[in-house]
Amino acid sequence: MRWSNSKAEVQGFGINYTVPFAHAYRAAKTLNVSHKEAIDNDVYHFARLGFDAYRVHVWDTEISDSPGNLLENEHLQLFDYMLKKMKDRGIKFILTPIAFWGNGYPEPDEKTPGFSRMYGKGDCLTNEDAIRAQEKYLFQFLNHVNPHTGIAYKDDPDIIAFEISNEPHHHESPEKVTAYINRMVKSMRKTKCAKPIFYNISHSIHLVNAYFNAGIQGGTFQWYPTGLGSQEELGGNLLPNVDRYTVAFEDNSNYKKSAKIVYEFDAADVGRSYIYPAMARSFRQAGMQWAAHFAYDPTFMAYANTEYNTHYMNLVYAPQKALSLKLASEVFHKIPMYKDFGSYPANTTFDVFRVSYEEDLAEMITEKKFIYTNDTKSAPPSIDNLEEIAGTGNSPVVTYEGTGAYFLDKIESGLWRLEVMPDAIWINDPFGRNSLKRTVAVVNWRTWPMKINLPDLGKDFSIRAMNDKNTFSTAVNDQTFNISPGTYLISRKGLTSTKDGNVQWKNIMLKEFSAPESNLEATHVVHFPSEEILAGASYTVDAIVASANEPDTVELSVFAGFRPKVFPMKKVRGYRYSVTIPAEEIKEGFLRYAITVRKNKKPLT
């Protein structure tokens with residue numbers, strides 16, 4: 001695919017996101033959350049993370065009736081609203097009008113009015129009445145006019161293509177499969193839609209020629225290289241799993257000349273931050289032009305991760321993973337199509353990017369951009385030329401004790417925008433059996449020290465709060481200051497800025513900020529003991545002590561003999577505490593110990 005005006009390659013990288021439909025829609029009602037406010041908040045985060053692409057399989061079962069008529073109901077109205085909000089941020093779309101799914105997961109399906117519920121996926125591909133319903137529905141869907149734009153989907157310049165349906169599983173003859181697809185294409189072309197039409201060719205791949213013999217312009221793919229549904233976080237180095245994206249029929253001549261997009265992908269059940277840029281690299285090597293992660297968790301329900309337990313993506317609750325996805329977008333837009341960087345481990349450094357399993361780190365370093373997902377000792381070639389910094393933890397440019405993401409953007413010489421997200425702490429495995437009544441991650445608003453080393457700001461600068469209701473003020477001493485979550489303008493000494501928070505900068509406003517309030521109500525100790533250690537050698541115990549405020553003391557008691565031996569645990573940074581048990585306490589057998597946290601003289605063991 002190329003843009004008609006510039007002939008440049010079409011590229012897009014972003015997310016799937018589902019608030020107008022199914023479980024996310026119902027969860028908002030259950031939690032008494034405004035769907036539109038939830039969309040506003042999350043779409044801002046999409047802009048903040050640099051996404052420019054959106055894809056979703058529309059739950060046709062919620063917006064159609066059994067004969068195939070499009071229903072102008074609340075689901076469609078919210079979908080229109082969401083598309084407009086994304087358009088305003090410069091995001092473009094590939095839409096899949098037919099999902100075939102029921103709307104229940106992870107709950108039982110509701111009695112929805114659509115043809116997919118009446119016929120099911122199998123009959124939708126073969127039953128004549130179901131096929132006619134799909135023809136009618138596709139015709140009406142493409143002709144639907146979004147009331148927020150006044151433009152029909154078929155004519156919207158930001159909808160760049162349509163994928164007919166989500167993961168069809170064909171079992172009939174190639175001739176019948178081609179005939180079915182051609183009928184779907186014909187109903188869409190009757191609307192005078194000239195956009196590319198895609199079909200899923202990564203399912204039932206023995207029918208690949210039947211797909212290409214139909215009137216489609218490209219094929220859609222997905223990738224779940226770590227499987228799905230492990231019900232626990234996967235450990236180990238998974239970079240070899242994403243070394244290369246292979247297609248079984250890559251030598252097929254029709255495949256070679258078709259456009260290729262990735263409608264869904266994820267390193268499911270992986271909680272670390274190193275892997276997404278490597279996946280994006282492999283997609284570009286395979287010739288993919290568009291990729292959408294599955295799926296971004298709406299922030300209002302990300303504390304519980306109930307939408308898809310095996311996936312977890314959110315800027316607030318999974319900041320390092322979100323920054324990794326931001327980096328993957330950078331990879332996708334910078335790496336030329338078909339560029340080969342070799343095999344693991346030689347390809348862990350590629351172009352201006354680096355991924356490291358050992359450091360749980362992905363990073364991008366250019367003259368103007370410095371983005372990292374974890375503590376890094378890497379340094380930009382010239383700090384003087386930087387214009388964008390995003391990260392968590394410490395780097396040669398920013399040191400920060402909190403656990404949330406931060407963003408630094410140069411507005412003009414001597415003037416920077418700082419955005420600091422609240423702390424995110426995982427208190428349970430987010431990939432287990434989840435429900436809205438079970439919290440897997442918490443958010444905490446806490447004030448932490450930060451140091452910014454930017455020659456453009458010097459050693460003495462001023463900080464002004466920008467976002468609504470933010471009254472926090474702070475003093476700077478030799479580049480160091482305390483900071484609370486929010487958005488700020490940082491001005492070099494002697495520079496007076498009168499910029500208003502409503503000033504537009506790129507696709508955001510200077511004052512914009514979105515984060516939920518603290519939901520850390522109790523003290524949590526998160527610790528994973530080793531299953532086996534060596535007798536006669538010292539042993540270091542690390543723990544996360546998640547509490548709204550810093551505890552008075554944290555101690556470790558070793559039970560050996562009549563009385564336990566108590567060792568004070570020291571704060572390493574943020575919420576992390578550590579102590580080393582001396583070698584003489586580590587004897588053959590079992591090591592029994594407990595961690596005690598004291599707050600306001602009250603112990604929690």
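In which sense do strand S7 and strand S8 pair, and over how many bridges? In this predicted model, strand S7 (residues 197-200) and strand S8 (residues 218-223) are joined in the parallel sense over three bridges.

**View 1. Eight strands close into a barrel.** The strands follow one another in the order S1-S2-S3-S6-S7-S8-S9-S10, and their pairing is parallel. Neighbouring strands of this sheet are turned by 25° against each other on average, direction ignored.

**View 2. Helix H11 lies across strands S1, S9 and S10.** The helix spans residues 319-334, and the strands that it lies across are S1 (12-15), S9 (259-265) and S10 (290-293), with H11 running at about 160° to S1. In the loop between S10 and H11 is Ala295, and the peptide bond that leads from Phe294 to Ala295 is cis, with omega near -5°. Another cis peptide bond, with omega near 5°, joins Tyr344 to Pro345, and Pro345 belongs to the loop between H11 and strand S11 (349-350). Most peptide bonds, by contrast, are trans.

**View 3. Side chains alternate along strand S21.**

**View 4. Four strands form an open sheet with antiparallel pairing.** The order is S27-S28-S32-S31, and the edge strands, S27 (524-526) and S31 (570-573), each pair on one side only. Neighbouring strands of this sheet are turned by 35° against each other on average, direction ignored. Strand S28 (residues 539-546) and strand S32 (residues 576-581) run antiparallel and are joined by six bridges, with Asp542 having Ser578 in S32 as its bridge partner.

**View 5. Lys7 has a positive phi, as does Lys506.** Most residues other than glycine have a negative phi. Lys7, in the segment before S1, has a phi near 65°, and this residue is exposed, with a relative accessible area of 54%. Lys506, in the loop between strand S25 (504-505) and strand S26 (508-509), has a phi of about 55°, and Lys506 counts as exposed because its relative accessibility is 65%, where exposed means over 50%.

Key. Residues are numbered from 1 along each chain as its sequence is written. This is a predicted model: local features need pLDDT of at least 70, side-chain atom pairs count only at pLDDT 80 or more; totals for chains, interfaces and linings use all residues. Side-chain values use heavy atoms; hydrogens and water are left out. Two strands pair if DSSP finds at least two bridges between them. Helices (H or I, at least four residues) and strands (E, at least two) are DSSP runs, numbered from the N terminus. Axes are lines fitted to C-alpha atoms, for helices over the stretch in contact, and angles run from 0 to 180 degrees between N-to-C directions. Contact means heavy atoms within 4.5 Å. Buried means under 20% relative accessible area, exposed over 50%, partly exposed in between (1.4 Å probe, protein chains only).
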